[in-house]
Amino acid sequence: MEQQLFVGKQSSKLDEKGRLVFPSVLKSSLASLPQKELIVRKDFYQDFLILYTVEEWKKFTNDVRERLDLFDEEQMEFWNRIMSERAMVTPDEKAGRILIPREMLDEIGVDKEVVFVGADELVQLWAKETYEKNRVSKDKNKEDAGRFLKGKKI
């Protein structure tokens, strides 16, 4: 199956029922998929949520499972946390609204506004304030590119 790419960035506000409008720039990428559901979990390292297509979620969980010894108690507890701290959401067909569980939005500090960021095969969902606070300067990007890419031109 062809890998689905999500590209673009867009803000959205929670409506009175706690729903978000899934951005049209990202929604169009879902249109070609047989399964429209998205799996949501919190990032391990930063305060944002990750939205996976079902296919990408399967790849992610298979990769994690292959790296773990599920007969090791601590590793099995970690696996169980991954499996229990997720949700499935489906954008509605008409308006494209999605309902992310409130506790997940609270965990990343969402009050009213969010930013959806297409990150190739995934979508990141940030509280708008956190996203703005974590933006880095052009100089920092340049420095990191030099350090992480070992001076290779891209």
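## Basis of the description

The model is predicted, so that local features are reported only at pLDDT of at least 70 and side-chain atom pairs only at pLDDT 80 or more, while totals for chains, interfaces and linings use all residues. Residues are numbered from 1 along each chain as its sequence is written, and side-chain values use heavy atoms, with hydrogens and water left out.

## Overall fold

The secondary structure of the protein chain comprises six helices and eight strands; here helices (H or I, at least four residues) and strands (E, at least two) are DSSP runs, numbered from the N terminus. Along the sequence these elements follow the pattern β-β-α-β-β-α-α-β-β-α-β-β-α-α. Taken along the principal axes, the C-alpha atoms fill a box of roughly 45 × 45 × 35 Å.

Of the 154 residues of the protein chain, 37% count as buried, where buried means under 20% relative accessible area, exposed over 50%, and partly exposed in between (1.4 Å probe, protein chains only). The protein chain exposes about 10,100 Å², of which carbon and sulfur atoms supply 50%; accessible areas come from the Shrake-Rupley method with a 1.4 Å probe, and for residues only the protein chains shown count as cover. Among contacts between residues at least 6 apart in sequence, 57% join residues at least 24 apart, a contact being heavy atoms within 4.5 Å.

## The six-stranded sheet

Six strands form an open sheet in the order β1-β7-β8-β4-β3-β5, with antiparallel pairing; two strands pair if DSSP finds at least two bridges between them. The edge strands are β1 (6–13) and β5 (86–89), each of which pairs on one side only. From one strand to the next, the twist averages 20°.

Strand β1 is joined to the antiparallel strand β7 (residues 113–120) by eight bridges, and in this pairing Ser 11 has Val 115 of β7 as its bridge partner. Elsewhere in the sheet, β3 and β4 form a hairpin with five residues between them and pair in the antiparallel sense over five bridges, with Tyr 52 of β4 as the bridge partner of Ile 39. Strand β4 is also joined by five bridges to β8 (residues 122–127), again running antiparallel, and here the bridge partner of Leu 49 is Leu 125 of β8.

## Strand β4 and Ile 50

Six of the six residues of β4 are buried, so this strand is largely enclosed by the rest of the structure. In a regular strand the side chains alternate between the two faces of the sheet. In β4, Phe 48, Ile 50 and Tyr 52 point one way, whereas Leu 49, Leu 51 and Thr 53 point the other way, and all are buried.

Ile 50, which lies in β4, is buried with a relative accessible area of 5%. Leaving aside residues up to four places away in sequence, Ile 50 touches Ile 39, Val 40, Arg 41, Asp 43, Leu 122 and Val 123. Ile 50 and Gln 124 are 74 residues apart in sequence, yet their C-alpha atoms are 4.8 Å apart in space.

## Helices α2 and α3

Two packed helices are described by the angle between their axes and the distance between the axes. Helix α2 (residues 54–67) and helix α3 (residues 73–84) pack at an angle of about 170°, with their axes 11 Å apart; axes are lines fitted to C-alpha atoms, for helices over the stretch in contact, and angles run from 0 to 180 degrees between N-to-C directions. That angle makes α2 roughly antiparallel to α3, since angles under 35 degrees count as roughly parallel, over 145 as roughly antiparallel, 65 to 115 as roughly perpendicular and the rest as oblique.

The contact is made by Trp 57, Phe 60, Thr 61, Val 64, Arg 65 and Arg 67 of α2 together with Gln 75, Phe 78, Trp 79, Ile 82 and Met 83 of α3. These residues divide into seven nonpolar, two polar and two charged, where Ala, Val, Leu, Ile, Met, Phe, Trp, Tyr, Cys and Pro count as nonpolar, Asp, Glu, Lys and Arg as charged, and the others, Gly among them, as polar. Helix α2 also lies across β3 (38–42), β4 (48–53) and β5, running at about 105° to β4.

Phe 116 is placed in strand β7 and counts as buried at 0% relative accessibility. Asp 120 is also placed in β7, but is partly exposed, with a relative accessible area of 43%. Although Asp 120 is not a glycine, it has a positive phi of about 65°.
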